[in-house]
Amino acid sequence: MRAVVNNISKSFKNPDGTLFNALQSISLTISEGEFVAVVGRSGCGKSTLLNIVAGLLPATEGQVVFEDLASEDRPLTSVVFQDLALFPWRSVKKNITYGLEEQKVSSGKQDQRAEELIQLVGLEGFEEHYPHQLSGGMKQRTAIARALAVNPELLLMDEPFSALDAQIRMDMQIELSRIYETTGQSFLYITHYIPEAVFLADRVVVMGGRPGRIQSIVSIDLPRPREEKIKVSPEFVAYLDRIWSEVRGKPQEFGADP
Amino acid sequence: MTLNRRVVKDKTGFLIRHPNSYVSWISVIVVLGLWETVGRLGLVPPLFLPSFSAVLASGYEMVVNGEIFAHLSASLWRIGWGFFLGAGLGILTGIGVGYFQLADDAVRPLVAATYPIPKIAILPLLILWLGIGEGSKVVVIMLGVFFPVVINVRAGVRNVDPLLIKAAISLGSGPFNVIRKVILPMTLPMIFAGLKLGVGIALLLVVTAEMIAADKGIGFLILSSADLMQTTRLLFGIMVLSGLGISFAWILDRLERILLPWRE
């Protein structure tokens with residue numbers, strides 16, 4: 001599998017009729033099993049890019065093509081949204097099996113897959129809870145399990161941890177990195193938080209804004225499995241420094257990170 | 001040193017609400033007791049206000065000889081069909097106009113023009129078309145229930161979080177499943193809001209229609225009792241209506257709790 005983002009541009013119409021260029025000539029290839037993170041401050045078009053890759057927004061120019069597919073009916077993408085968008089009328093388990101129902105998977109197989117995923121994301125005992133009964137971190141886990149359930153070629157995540165407090169965010173990063181390492185799933189991960197991108201990704205795409213474009217791509221050569229202590233290693237700090245200096249090239253476009 | 005010592009007091013005490021369920025009972029008993037006393041002491045002629053016990057006795061008689069059930073079943077039959085048809089049509093139309101812009105543009109002016117008409121004003125026309133029998137009564141109730149349901153359901157559909165629809169699409173849902181599996185459950189609370197309004201209107205319309213043209217039903221019972229100056233029977237009819245209203249609200253409430261266990 002190869003996900004090829006081929007020269008994507010996107011413009012929106014402003015209320016006064018002028019065009020606003022959200023993305024300009026974005027090209028990027030994501031390989032099988034790769035974790036690609038996109039960083040850039042709010043408004044640089046990274047969410048727009050994710051929505052185009054997900055097929056939830058038409059591009060003005062260019063195409064997204066998935067090549068060398070091994071299976072004909074494996075879904076191309078699924079999404080973990082920033083606001084999660086869990087179905088409030090469905091239990092944790094029913095949220096997770098939603099995509100499987102749409103794929104007409106037998107209910108026995110649905111149960112089995114739900115059980116695997118509930119174990120993978122650590123939600124045992126909460127299968128029958130409704131979203132409003134869950135903590136922020138458990139909602140995250142449910143949303144991740146729901147997106148993983150359909151086994152997409154590429155899993156898209158749009159700043160999924162931005163609403164969590166710092167401690168739970170750290171836990172979820174470690175959790176996600178473990179899920180990546182155990183499943184071999186390909187990821188495209190959007191964040192504005194550079195340490196998170198470096199911690200999780202094989203490659204970090206730095207985007208600049210107005211119009212949104214790729215400023216540079218940094219390969220992260222850190223050992224896996226990634227553990228919390230890697231965040232204080234000199235290599236990790238060097239990557240942060242490097243991406244920060246990429247970012248500092250345009251100081252007016254990037255504020256301080258939380 | 002302690003001269004200027006002041007302790008911070010909770011200033012919100014008066015806002016705390018303690019539930020007093022026994023007060024509710026007492027208030028009902030006091031009102032019924034007053035009513036009974038006024039009747040027993042003969043302060044008001046029984047023609048105008050018979051005592052509570054006299055009303056109950058007359059009601060008991062109607063229960064024993066089965067008269068009340070004939071009236072009740074006639075009214076319930078009309079409400080049942082009118083409500084069922086009006087609610088069903090209202091839900092379908094509401095989802096249709098909420099989801100499809102074309103349908104909304106076509107239907108909105110018609111609803112805007114017909115909604116303000118007091119439905120009972122249409123009854124004579126319906127009698128002309130459908131005869132004096134059950135059809136005209138069922139249809140007038142149906143119309144009365146249809147409007148609040150359609151307006152609420154449309155609003156509910158339009159307020160469904162677009163992100164949930166996106167989430168469903170990203171997990172493989174097509175247009176039909178988006179309606180069935182996302183819009184319908186998300187609209188259920190608003191459907192119930194519409195049904196609760198509709199049930200009150202149905203009760204109002206059935207009584208009015210029965211007062212205009214019927215030989216059975218609670219509305220007929222009330223009007224004919226008044227004509228015969230049988231105030232006890234009249235008041236019992238009104239009490240039955242109160243009971244009906246409470247029962248309908250209770251049933252809808254239970255149904256809502258069963259169908260919407262996910263609500264906070």
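A:Glu175 and A:Arg178 sit three residues apart in helix H6 of chain A, which means about one helical turn separates them. Their side chains form a salt bridge, with the closest N and O atoms 3.3 Å apart. A salt bridge here is a side-chain nitrogen of Lys or Arg within 4 Å of a carboxyl oxygen of Asp or Glu. Helices (H or I, at least four residues) and strands (E, at least two) are DSSP runs, numbered from the N terminus.

A:Glu175 counts as buried because its relative accessibility is 15%. A:Arg178 is partly exposed, with a relative accessible area of 35%. The cut-offs are under 20% relative accessible area for buried, over 50% for exposed, and partly exposed in between (1.4 Å probe, protein chains only).

## Basis of the model

This is a predicted model: local features need pLDDT of at least 70, side-chain atom pairs count only at pLDDT 80 or more, and totals for chains, interfaces and linings use all residues. Residues are numbered from 1 along each chain as its sequence is written, chains are lettered from A and ligands numbered from 1 in the order in which they are written, and side-chain values use heavy atoms, with hydrogens and water left out.

## Other salt bridges

A:Glu175 also meets A:Arg141 in a salt bridge (2.8 Å, N to O). A:Glu175 lies in helix H6 (residues 166-183) and A:Arg141 in helix H5 (residues 136-149) of chain A, so the pair ties together parts that are 34 residues apart in sequence. Both A:Glu175 and A:Arg141 are buried.

A:Glu101 forms a salt bridge with A:Arg90, and their closest N and O atoms are 3.0 Å apart. A:Glu101 lies in helix H3 (residues 98-102) of chain A and A:Arg90 in the loop between strand E5 (77-80) and helix H2 (92-96) of chain A, so this pair ties together parts that are eleven residues apart in sequence. A:Glu101 and A:Arg90 are both buried. In chain B, a network of salt bridges links B:Asp104, B:Asp105, B:Arg108, B:Arg154 and B:Arg158. Over all chains, the rule counts 27 salt bridges.

## Two sites in chain A

A:Gln110 lies in helix H4 (residues 107-121) of chain A. It is buried, with a relative accessible area of 10%. A polar atom of its side chain lies 2.9 Å from the backbone oxygen of A:Val105. Leaving out residues up to four places away in sequence, A:Gln110 touches A:Thr97, A:Leu100, A:Glu101 and A:Val105. Contact means heavy atoms within 4.5 Å.

A:Asp165 lies in the loop between strand E6 (154-158) and H6 of chain A. At 45% relative accessibility, A:Asp165 counts as partly exposed. Its C-alpha atom is 8.9 Å from that of A:Gly136, 29 residues away along the chain.

## Where chains A and B meet

The contact takes 20 residues from chain B and 21 residues from chain A. Together the two chains bury about 1,800 Å², and carbon and sulfur atoms give 69% of that area. Buried area is the accessible area (1.4 Å probe) that two parts lose on being put together, summed over both. B:Leu171, B:Lys181 and B:Trp262 supply 38% of the area that chain B buries against chain A, more than any other three residues.

Two salt bridges cross the interface of chain B and chain A. A:Glu102 forms a salt bridge with B:Lys181, the closest N and O atoms being 2.5 Å apart. Helix H7 (162-170) and helix H8 (175-212) of chain B each supply at least two residues of the side that touches chain A. H7(B) gives the largest share of that side, seven residues.

## Nonpolar cores

A nonpolar core is a set of buried Ala, Val, Leu, Ile, Met, Phe, Trp, Tyr and Cys residues joined through side-chain atoms within 4.5 Å. The largest has 85 residues, and A:Phe87, B:Val182 and B:Leu195 are among those with the most contacts inside it. H8(B) gives the most to this core, with 15 residues.

A:Phe87 touches residues of both chains, including A:Tyr98, A:Pro131, B:Leu164, B:Leu171 and B:Val182, not counting residues up to four places away in sequence. Another core, of 50 residues, lies apart from the largest one. Among its members are A:Leu100, A:Ala147, A:Ile179 and A:Val198.

Conventions: A polar contact is a pair of N or O atoms within 3.5 Å; within protein, one must be able to donate a hydrogen and the other to accept it, and residues adjacent in sequence count only if both atoms are side-chain atoms.
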